[in-house]
Amino acid sequence: MNVHDSERLAGLLESAGYVPAAQGADADVVVFNTCAVRENADNRLYGNLGHLYPTKKNNPGMQIAVGGCLAQKDRSVIIDRAPWVDVVFGTHNLHRLPVLLERARHNAAAQVEIAEALEVFPSSLPARRASHHSAWVSISVGCDNTCTFCIVPSLRGGERDRRPGDVLAEVEALVADGALEITLLGQNVNSYGRSLGDPGAFARLLRACGNIEGLERVRFTSPHPRDFTDDVIEAMAQTPNVCPQLHMPLQSGSDAVLRRMRRSYRRERFLGIVERVREAIPRAAITTDIIVGFPGETEEDFADTLDVVRAARFAGAFTFKYSPRPGTPAAEMDGAVDPAVVSERYERLASLQDEMSWAENRAQVGRRVEILVSEGEGRKDSETGRLSGRARDGRLVHLLVTGPHAQDGVVRPGDVIEAVVTRGAPHHLTADGPLHSHRRTTAGDAWEAARSRGSEAGSEAGSEAGPEVLSPAGSMSAGSGQPAVSLGMPTLRTGPAAR
Ligand code: 5AD
Ligand code: SF4
C-alpha cells in the first residue's frame with residue numbers, strides 16, 4: 001500500500017511540474033513516505049532525517065516532506081524532533097502535498113496538516129508508476145479489524161471500499177496503458193463489499209478481472225482467514241488470469257495467541273483454507289506473515305506455530321519479531337517475552353521456513369514456467385548478465401539465458417518468456433538455459449521506448465527500493481544522492497526488515 005501511495009505522491013508532484021532529480025544529484029525536494037507498523041520504521045525515519053540535516057543546512061531552499069503512517073502518528077512531533085522538516089502530511093490527505101510544499105515555501109514556515117478522515121481516494125490521484133508491466137490497484141483503504149498488535153486501523157481509519165466499477169475502470173485503463181499484471185490491494189480484501197452491502201463482491205471482482213482482455217495476471221493482497229470464503233477459492237480456480245498464488249497472514253499457529261491477538265480464526269480454519277486452496281489450485285504458492293514473541297507466547301504456543309508452518313508448506317513467509325506499537329491493546333498486555341527468547345525463536349522459525357521454502361522450490365525443478373521479466377529484482381543482474389522475473393505463482397526466477405535470446409536487449413523487462421527451472425534455492429528459482437518461448441509485449445515496448453528516450457520511467461521500472469528523488473522543474477541541481485521515497489516491488493523474504 002505504501003508503494004501504491006508513493007506512486008501517487010510522485011504522480012502528484014509530476015503533475016505539479018516537478019521533475020525527478022537525476023540519480024546522484026542533490027534534490028530540491030525530498031519526500032519520505034513512512035511506515036509505522038513496527039518500531040524500526042520510526043527509528044529509520046529519524047535516522048534518515050538526521051542524515052539529511054547537513055545537506056539541508058547547506059542548501060536552505062531545499063524542502064523535506066514527511067507523509068504516511070508515521071506522520072499520521074507523530075504529527076508535529078516530527079517537527080519538534082527534526083525542525084528542519086518543512087511539511088508533514090498524513091495518510092488521509094496525501095493529495096495535499098504540492099499545496100503544502102508551496103505554502104511552506106511561501107510562508108517560510110513548516111506546515112503540518114493531518115486529516116482525521118480520508119479526503120480523496122489515493123487511487124483517483126495521478127500516478128507515476130515504477131513499472132510498465134505491473135500495477136497496484138487499491139480496492140479499499142483502512143481496516144475494520146482490531147488485531148491487538150496492529151497500529152494500522154488507528155492510522156488508516158476504518159475500511160472504505162471503492163466501487164467495483166471504479167476499480168475495474170482503473171484496471172482497464174492500466175491494461176490499455178500496457179500493464180499485464182495488477183495486484184488488488186486492501187488491508188482485508190475478503191471484507192471488500194460489506195460496506196456496499198455486497199459480501200460476495202470480492203469473488204465477483206476477481207471474475208470480472210477475468211474478462212479484461214489483455215490482463216494476464218491478477219494477484220491480490222491481503223486476505224484475512226476469518227473472512228475467507230469458498231466463493232473466493234472458486235473464483236481463483238476458475239478465472240484463468242488469477243494467479244496460482246495466495247498470501248494469507250497466519251500471525252500465529254497457537255489458538256491461544258490468536259485469541260489474544262483478536263484474530264478470530266483458529267489454526268484448524270487456517271489449515272482448512274490452505275487445504276481447499278491446494279485442492280482447487282494444486283500448484284498454488286502460498287505465503288504468509290508470522291509474528292514471533294507476542295506477549296504471553298509460551299514455548300508451547302511457539303511450537304504450535306512451527307507445526308502450522310510444517311503443515312502448510314508455505315512457499316515463503318515474512319517473519320517478524322513482535323514490536324509493541326503505542327496505543328494498541330497488545331502494548332499494554334502483560335507477559336512480554338524476553339528479547340533473547342524472541343530472537344532464539346525467530347531464528348528457529350526462519351530456519352524452518354527456509355527449509356520448507358527450499359524444499360518447495362526444489363520441487364519446481366524440471367517444470368516449465370512462464371516468467372514476466374522485470375527489472376531490479378536481481379541485484380546482480382547487470383554484473384552477471386542474468387534476467388529476473390516472476391513466475392505466475394509469484395516465485396522469483398533468475399535466468400542465465402543461452403542461445404538466440406541471450407543477446408543484450410532481446411528480452412526486455414515487461415516481456416513474457418518460458419523457461420525450465422534448473423535449481424531451487426530457498427528464496428528463488430534458477431532457470432538457466434535456452435528459452436522455450438519469448439513474447440514481446442507492449443509493456444516491453446514501453447520500457448524500451450523509455451530507455452531510448454533516456455527517460456527515468458523506464459530505467460527505474462521495478463527498481464527495488466531505488467531512490468525516488470524529485471525536484472522542481474527547471475531547477476539545476478548537482479551533488480550527492482538523497483534518500484527519499486522508494487518505489488519497488490516487495491520481494492519475499494524471511495527477514496525481519498520492514499516492508
Ligand atoms: N509487531 C510485529 N509485526 C507486526 N505486523 C503488524 N504489526 C506488527 C507488530 N506490532 C506484521 C503482521 C502483518 C505485517 C504487515 O506486519 O505480520 O501481517
Ligand atoms: Fe492490522 Fe489486523 Fe487490519 Fe491487518 S486485519 S491491517 S493486521 S488490524
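## Cysteines and ligand site

The sulfur of Cys 209 is 11 Å from the closest cysteine sulfur, that of Cys 243, which is too far for a bond; a disulfide here is a pair of cysteine sulfur atoms within 2.5 Å. A search of the whole structure finds 0 disulfides. Cys 209 is buried at 0% relative accessibility, and Cys 147 is buried at 8% relative accessible area. Buried means under 20% relative accessible area, exposed over 50%, and partly exposed in between (1.4 Å probe, protein chains only).

The model is predicted: local features need pLDDT of at least 70, side-chain atom pairs count only at pLDDT 80 or more, and totals for chains, interfaces and linings use all residues. Side-chain values use heavy atoms, with hydrogens and water left out.

Around ligand 1 there are 12 residues, of which Arg 38, Phe 149, Gln 251, Asp 289 and Ser 323 come nearest; a residue counts as near if one of its heavy atoms lies within 4 Å. Polar contacts (pairs of N or O atoms within 3.5 Å) include the following.

| Residue atom | Ligand 1 atom | Distance |
|---|---|---|
| Arg 38, polar side-chain atom | oxygen | 2.8 Å |
| Phe 149, backbone N or O atom | nitrogen | 3.0 Å |
| Ser 323, polar backbone atom | nitrogen | 2.7 Å |

Taken alone, ligand 1 exposes 400 Å², and the protein buries 90% of that (Shrake-Rupley method, 1.4 Å probe). Strand E12 (285–292) and strand E13 (316–321) are the elements that give two or more residues to the shell around ligand 1; strands are DSSP runs of E with at least two residues. The shell divides into 5 nonpolar, 2 polar and 5 charged residues.

Methods:
Residues are numbered from 1 along each chain as its sequence is written. Chains are lettered from A and ligands numbered from 1 in the order in which they are written. A polar contact is a pair of N or O atoms within 3.5 Å; within protein, one must be able to donate a hydrogen and the other to accept it, and residues adjacent in sequence count only if both atoms are side-chain atoms. Helices (H or I, at least four residues) and strands (E, at least two) are DSSP runs, numbered from the N terminus. Ala, Val, Leu, Ile, Met, Phe, Trp, Tyr, Cys and Pro count as nonpolar, Asp, Glu, Lys and Arg as charged, and the others, Gly among them, as polar.
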